Amino acid sequence: MRALILLGLVGLAAQLVDGSLGMAYGVTSTTLLLAVGTNAAAASATVHLAEIGTTLASGISHWRFGNVDWKVVAKIGIPGAVGAFAGATFLSSLSTEIAAPVMSIILLSLGVYILIRFTAFGLPRGNLGKPLRRRFLAPLGLVAGFVDATGGGGWGPVGTPAILASGRLAPRKVIGSIDASEFLVAIAASVGFFVGIGSENIDFAWVAVLLLGGVIAAPIAAWLVRHIPPRILGSAVGGVIILTNVRTLLRSDWIDASSGVQTAAYIVIALLWAGAIAYSVREYRRDKAGESVEAVESGLRERGAEEEETASA
């Protein structure tokens, strides 16, 4: 019973992070399942079955708060489902030991870009509002879906930074659209796992408690992402991407860092991340204060012009 309660709390916390930042539900939940000895395919299958419910709840919540661009959902979600089915079907015969570090380097680069871009300059506005093309979203969805199924998580870490880096969609809509489209990915991956390994290795009690925790957290996360300023949200997302992928690289066979080196690296990253968020908060407040002053001055100018028109009449 204690294990089920713990798993439910993990599902709640993971969905709270995922719904707010567009990533981490699968990675967090799968990590716990692997830690207690679940094999990779069964762990990923368990998480994806739970995600059918959590992503549906999250998608509905984001939609109600106006965080979803349905054109983006369609363009990335369908290819994502194809990639997820393929990844789930062939997980038992594919090794991600070499692919994981390569993907982590790509994601780490995107994470560094996003952290610097949003912290130093705020939301990229040059491309904001421009359409996201199918030729960009379709391959992205295919790769993200495949990585998500084979790695037990990855839809958010691959899709969210790539779309954020384009600067064409506001962060809250990036996160809402990624969460909504993940529903299609979760269904396709689950079907693929049933085809590949059947249901005998899946603990449906674990699926239920992960689902319950995620459903509870979904509307809270959707509310948070609408009210967190884009500049701060971008810095937070960048830090998550960097920390997650540095962890993968340090534990890979390429580096195989000692526990002391890993701990030191995490502390340094955490300090830099906290500093970046603090700077973003300060700059956001400064910008808001400047906007308030401009609004007051504009109002005074308009009032003065009206008074002059009245006096001349």
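1. D287 is partly exposed in this predicted model. The relative accessibility of D287 is 38%, which places this residue between the cut-offs of under 20% for buried and over 50% for exposed.

2. The side chain of D287 forms a salt bridge with that of R231, with an N to O distance of 3.4 Å. Which helices hold the two residues? D287 belongs to helix 11 (residues 259-312) and R231 to helix 10 (residues 230-251). Because the partners are 56 residues apart in sequence, the pair ties together separate parts of the chain.

3. Is R231 buried or exposed? R231 has a relative accessibility of 10% and therefore counts as buried.

4. E283 takes part in a salt bridge with R282, where the closest N and O atoms are 3.4 Å apart. E283 is buried, at 10% relative accessibility, while R282 is partly exposed, with a relative accessible area of 47%.

5. E283 also forms a salt bridge with R286, and here the closest N and O atoms are 3.5 Å apart. How far apart are E283 and R286 along helix 11? The two are 3 residues apart, so about one helical turn separates them. R286 has a relative accessible area of 51%, and is exposed because the cut-off is over 50%.

6. Taken together, R282, E283 and R286 are linked in a network of salt bridges. E283 is bridged to R282 and to R286. The count of salt bridges in the model comes to 3.

7. The nonpolar residues are the next topic. In soluble globular proteins, nonpolar side chains tend to be buried together. The largest nonpolar core in this model has 37 residues. Which of them have the most contacts inside this core? They are V72, I76 and I163. Helix 8 (residues 171-197) supplies the largest share of the core, 6 residues.

8. What does I163 touch, leaving aside residues up to four places away in sequence? Its contacts include V72 and I76, which are named with I163 among the residues with the most contacts inside the core. I163 also touches L132, F136, L137, L140, L169, V174 and I178. Of these, V174 and I178 fall within the residue range of helix 8.

9. Another core lies apart from the largest one and has 9 residues. Among them are I242, V246, L250 and I269. I242, V246 and L250 fall within the range of helix 10, and I269 within that of helix 11.

Methods: Residues are numbered from 1 along each chain as its sequence is written. This is a predicted model: local features need pLDDT of at least 70, side-chain atom pairs count only at pLDDT 80 or more; totals for chains, interfaces and linings use all residues. Side-chain values use heavy atoms; hydrogens and water are left out. A nonpolar core is a set of buried Ala, Val, Leu, Ile, Met, Phe, Trp, Tyr and Cys residues joined through side-chain atoms within 4.5 Å. Buried means under 20% relative accessible area, exposed over 50%, partly exposed in between (1.4 Å probe, protein chains only). Helices (H or I, at least four residues) and strands (E, at least two) are DSSP runs, numbered from the N terminus. Contact means heavy atoms within 4.5 Å. A salt bridge is a side-chain nitrogen of Lys or Arg within 4 Å of a carboxyl oxygen of Asp or Glu.
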